[in-house]
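Take a look at the protein shown here.

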Amino acid sequence: MVTGLFNEGKLAMMIGGPWTLPDAQNAGINYGVAPIPPIDGGDPAVFVGVQGFMISAFSENKVLANLFVKDFLVNKNVMLDLYNRGGRPAAYLPALAEIADNPDIQGFAASAANGYPMPKIPEMGSVWSAWSDALQLIVTQAQDPTAAMHDAVTQIKSLLNCE
């Protein structure tokens with residue numbers, strides 16, 4: 001809902017990631033990418049996710065697979081090709097330097113520089129659902145933003161048994 005409202009020009013700003021760029025670009029709206037502004041004097045830290053290559057512990061060719069990743073995949077040209085095909089910022093710094101003139105990617109890179117690696121655990125689904133619910137309540141003005149976020153934290157802690 002939030003992304004749709006933003007792309008229709010009915011929402012002044014939204015919090016999202018590089019996966020939201022194609023729709024915004026296709027909507028023909030004037031947009032920019034920037035880190036979340038300071039809140040009460042503190043810089044918010046976002047979760048940062050990356051895509052990577054993994055070798056199965058059950059592989060019968062671990063040495064060959066490792067050589068393939070290190071000698072073929074991890075280089076600037078391959079990383080730039082992945083960026084060109086997927087539009088996601090490159091985590092490989094030499095490739096990121098090559099796209100330094102792209103303001104969208106640099107905006108996400110600036111935000112990610114102060115972020116935390118996103119845990120790769122199933123429980124993150126609880127975080128995203130509570131977060132999305134809170135944003136929905138805020139955008140539709142069904143609940144005060146502070147109360148909505150406090151409720152989201154309570155819901156996340158309950159779902160993760162962290163109370």
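The model is predicted, so local features need pLDDT of at least 70, side-chain atom pairs count only at pLDDT 80 or more, and totals for chains, interfaces and linings use all residues. Residues are numbered from 1 along each chain as its sequence is written, and side-chain values use heavy atoms, without hydrogens and water.

**Cores.** The largest nonpolar core has 12 residues, including Val69, Leu80, Ala95 and Ile105. A nonpolar core is a set of buried Ala, Val, Leu, Ile, Met, Phe, Trp, Tyr and Cys residues joined through side-chain atoms within 4.5 Å. Buried means under 20% relative accessible area (1.4 Å probe, protein chains only). Helices are DSSP runs (H or I, at least four residues), numbered from the N terminus.

H4 gives the largest share, 4 residues. Apart from this core lies another, of 7 residues, among them Val127 and Ile156.

**Helix pair.** H7 (residues 124-139) and H8 (residues 145-159) pack at about 160°, with axes 9 Å apart. Axes are lines fitted to C-alpha atoms over the stretch in contact, and angles run from 0 to 180 degrees between N-to-C directions. H7 and H8 are therefore roughly antiparallel (angles over 145 degrees). Contact means heavy atoms within 4.5 Å. Trp131 of H7 and Met149 of H8 are among the residues making the contact.

Methods. Buried < 20%, exposed > 50% of the residue type's maximum accessible area, 1.4 Å probe, protein only. Helix = DSSP H or I, 4+ residues; strand = E, 2+ residues; numbered from the N terminus. Parallel < 35°, antiparallel > 145°, perpendicular 65-115°, else oblique.
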